[in-house]
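Colleague: Mind walking me through how to read a few backbone and surface features? I'd like the general idea each time, then the case at hand.

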Amino acid sequence: MEILLQSVVNGLILGLIYTLMALGFTLIFGICRVFNFAHGELYMLGAYGAYLFFDQLHIPFLPALILTMLAVGLLGILMERLFRMVRGEINAPLIISLGLSMILSSLAWLVWGEEDKGVHSPSAGIVNIFGVTISSERMILIPIAILLVAGLYFFLNRAKSGQAMEAVALDIEAASTLGIDADRSTMLAFFISAGMAGAAGMLIAPLFVINPFIGGTAIFKVAIAVIIGGLGS
């Protein structure tokens, strides 16, 4: 029973990470109708953000997380500019996302090399709950991931910008007719999506080794989760 509970807890923790990625992935598809296969590389860059800001520059974990989300989010805005040029087309966005995926992983390989790298734990020690052993870094990961998911939920449902994004997702032409800035909404969607992927990579970095190719495996699992959950939902 203890082994079963341990496996369930570890699975839920990984599930939170994939939830952060899947939310960003489906957000882009829902608003822009784009399968952004470079989303996995944004996750990879988030992991390297942990390596750079937290492990090398010794910035405290939470400020390093914010810096990573902002940096990866700004990259998402640049990506949105490329996708905006081919809005309404079918094949071009797919080709762009695949090209960006290869470019970003290659750049990471040039900067950090192909060797696996590790990130020190932000907190030492373990916690034992009903016979289930949870490391301190996993205990930190859980509330942060839940807060990010809850924050996105309330933003989409309560904030005017979030409601505008949902309107654009339902009908971009009707939303534009009603005075909603569709370009601003899509740019904000890419920023949030990239930031969530960066946060997922940052949170997972202390648990596993990182390299320029971890994005490919992650996006495969995320795509399955998004398809099961409902594309654009």
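Colleague: Let's start with His-58: is His-58 buried or exposed?

Modeller: First, a caveat: this is a predicted model, where local features need pLDDT of at least 70, side-chain atom pairs count only at pLDDT 80 or more, and totals for chains, interfaces and linings use all residues. Residues are numbered from 1 along each chain as its sequence is written, and side-chain values use heavy atoms, with hydrogens and water left out. Now the idea: buried means under 20% relative accessible area, exposed over 50%, and partly exposed in between (1.4 Å probe, protein chains only). His-58 has 63%, so His-58 is exposed.

Colleague: Where is His-58 found?

Modeller: In the loop between H2 and helix H3 (61–84). Helices here are DSSP runs of H or I with at least four residues, strands are E runs of at least two, and both are numbered from the N terminus.

Colleague: And what should I make of phi?

Modeller: Most residues other than glycine have a negative phi.

Colleague: Which loop holds Arg-33?

Modeller: Arg-33 lies between helix H1 (2–32) and helix H2 (39–56). Arg-33 isn't a glycine, yet its phi is positive, about 55 degrees. Arg-33 is exposed as well, at 52% relative accessible area.

Colleague: Zooming out, how many helices and strands does the protein chain have?

Modeller: The protein chain has 9 helices and 2 strands, in the order α-α-α-α-β-β-α-α-α-α-α from the N terminus. Of its 233 residues, 44% count as buried.
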